[in-house]
Amino acid sequence: MKNRGGFRSLKFIPDDRKIADLWIAPYGAAAVSAAMESGITEALATRASSPAQLARLLDLHQESTESVLRVLVAMGFAQQKKTNFNLTPDARAYLVPSSPLARTAEFWKHFETPEHRWVLRKLKETTPVLQTFGDGWKDEPDENPSVIQAAAGMDSIIKAPSTAVVRSGAFKGVRHVLDVGGGSGAFAAVLTEHQPETQVTVLDLPAMCRQAQAWVEKRDAKNIHFHPADFFKDEWARGCDAIHFSNVLHDWPEARVLELLKSARATVEGNAKNRGRLYLLEVLRHENRNGPLMATIFHMQMQMGFGGAQYTRSDFARLCKKARFTEPRAVARFGYYTLLKAYAV
Ligand SMILES: C[S@@+](CC[C@H](N)C(=O)[O-])C[C@H]1O[C@@H](n2cnc3c(N)ncnc32)[C@H](O)[C@@H]1O
């Protein structure tokens, strides 16, 4: 892997939203084509319905149906009134197979794409078959292609947001960060380069830690430590005054997010002068859960794939309160990412 060093040499970090939009676009298109093939658009043309009503009528999975509906709203093809969804005039004309102006035939090639087939399968799985992010390399040896590929993909996504939020000064004054599910070590590399006085410990599954360590050593990064562990089962590293989760909580349903936040609260160390801090770097959905478009598609991927979610700020406020953290505040933003910060209470 080349070019891991030298984040400092970058003068400014351009907004990456166009890249994110491009990356996620095939899944947005798949949400629309799957809504046509599954009967969602046809049913909505007959009457406005809630996700539960549609799921019952069409024998679909309710949460997956809701995810698709929210993508349609974010695209401007549907509207939400209270719990019901209906189609906009253009969707009614073009996306309903029985409409005289239907554009369904234009999408026939699209129906063959893996993204379309995946979304359709997930809609139809009334008992969802969920993956766990990390299962691919949980017990795997070194140089496992799936760990290298996953680490490279995560690294690619998170380098720019990490660099931007670190440069905002949001981590000033932190002595030692525990980066939980730290993945490729990108955040650790960026933070220790920007703030050489700060230590970072990356907690991740052993195979991912080995991969990250190899990359970190190549770029001669200092002050980075590794704590290979299963964050649900094993002890977390002690002695840290801040805990950081980046793109980790979205992989899990609420109950598991709460477990992780409670472990964070039990681990983070602070005192009256330097209170223990919690940082969350995530793509947040709007409070009404219908935007921004990229976040609704990202949510659909997380919900269908892992039973996870792109949470809203108030979801995190509620969960942080339960785990005994203060209400999280947005302290930095980059592209679609928000960095939330809370304190241990
Ligand atoms: C979506 S990645 C995020 C990685 C990194 N924080 C980033 O922003 O690029 C989630 C990370 O959680 C790790 N993970 C998943 N299950 C885990 C577990 N049970 N214990 C420790 N780490 C786990 C994965 O190996 C992966 O590196």
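Modeller: Start with residue classes: Ala, Val, Leu, Ile, Met, Phe, Trp, Tyr, Cys and Pro count as nonpolar, Asp, Glu, Lys and Arg as charged, and the others, Gly among them, as polar. In this structure the shell around the ligand has nine nonpolar, six polar and three charged residues. The model is predicted: local features need pLDDT of at least 70, side-chain atom pairs count only at pLDDT 80 or more, and totals for chains, interfaces and linings use all residues. Residues are numbered from 1 along each chain as its sequence is written.

Biologist: Which residues come nearest the ligand?

Modeller: A residue is near a molecule if its C-beta atom, placed from the backbone, lies within 6 Å of it. There are 18 residues around the ligand, and Gly134, Met154, Gly181, Gly183 and Ser246 come nearest.

Biologist: How should I read the domains?

Modeller: Domain bounds come from an automatic or database domain assignment. That assignment gives domain 1 as 17–124 and domain 2 as 135–343. Their centres, taken over C-alpha atoms, are separated by 32 Å. Two residues are in contact if their C-beta atoms, placed from the backbone, lie within 7 Å. The contact takes 18 residues from domain 1 and 16 residues from domain 2.

Biologist: Which helix gives the largest share of the side of domain 1 that touches domain 2?

Modeller: First the naming: helices (H or I, at least four residues) and strands (E, at least two) are DSSP runs, numbered from the N terminus. On that side of domain 1, α1 (17–37) and α4 (62–75) each supply at least two residues. The largest share comes from α4, with nine residues. By class, the side of domain 1 that touches domain 2 has nine nonpolar, four polar and five charged residues.

Biologist: What is the strand order in the sheet?

Modeller: Two strands pair if DSSP finds at least two bridges between them. Here seven strands form an open sheet with mixed pairing, in the order β5-β4-β3-β6-β7-β9-β8. β5 (224–228) and β8 (329–334) are the edge strands, each pairing on one side only. The twist averages 20 degrees from one strand to the next.

Biologist: Which strands does α7 touch where it packs on the sheet?

Modeller: α7 touches β6 (242–246), β7, β8 and β9, and its direction makes about 125 degrees with that of β8.

Biologist: How many bridges join β7 to β9, and how many join β8 to β9?

Modeller: Seven bridges join β7 (residues 277–283) to β9 (residues 337–343), and the two run antiparallel. In that pair, Tyr279 is opposite Lys341. β8 and β9 also run antiparallel and are joined by five bridges. Ala330 stands opposite Leu340, and Phe334 stands opposite Tyr337. β8 and β9 form a hairpin with two residues between them, and Gly335 in the turn has a positive phi of about 55 degrees. In a regular strand the side chains alternate between the two faces of the sheet.

Biologist: Is β9 mostly covered or mostly open, and how is burial decided?

Modeller: A residue is buried if 20 or more other C-beta atoms lie within 10 Å of its own, exposed if 12 or fewer, and partly exposed in between, with C-beta atoms placed from the backbone. β9 is mostly covered, with five of its seven residues buried.

Biologist: Which residues other than glycine have a positive phi?

Modeller: Lys82 is one of them, with phi near 50 degrees. Lys82 sits in the loop between β1 (78–81) and β2 (84–87) and is exposed because 7 other C-beta atoms lie within 10 Å. Asn247 is another, with phi near 55 degrees. Asn247 belongs to the loop between β6 and α10 (254–267) and counts as buried because it has 22 C-beta neighbours inside 10 Å.

Biologist: Where is the cis peptide bond?

Modeller: The cis peptide bond joins Gly291 and Pro292, with omega about -15 degrees. Pro292 lies in the loop between β7 and α11 (293–306).

Biologist: Why does Leu58 count as partly exposed?

Modeller: Leu58 has 16 C-beta neighbours inside 10 Å, so it counts as partly exposed. Leu58 lies in helix α3 (residues 51–58). Leaving out residues up to four places away in sequence, Leu58 touches Ser38, Gly39, Ile40 and Ala43.

Conventions:
Axes fitted to C-alpha atoms, helices over the stretch in contact; angles between N-to-C directions.
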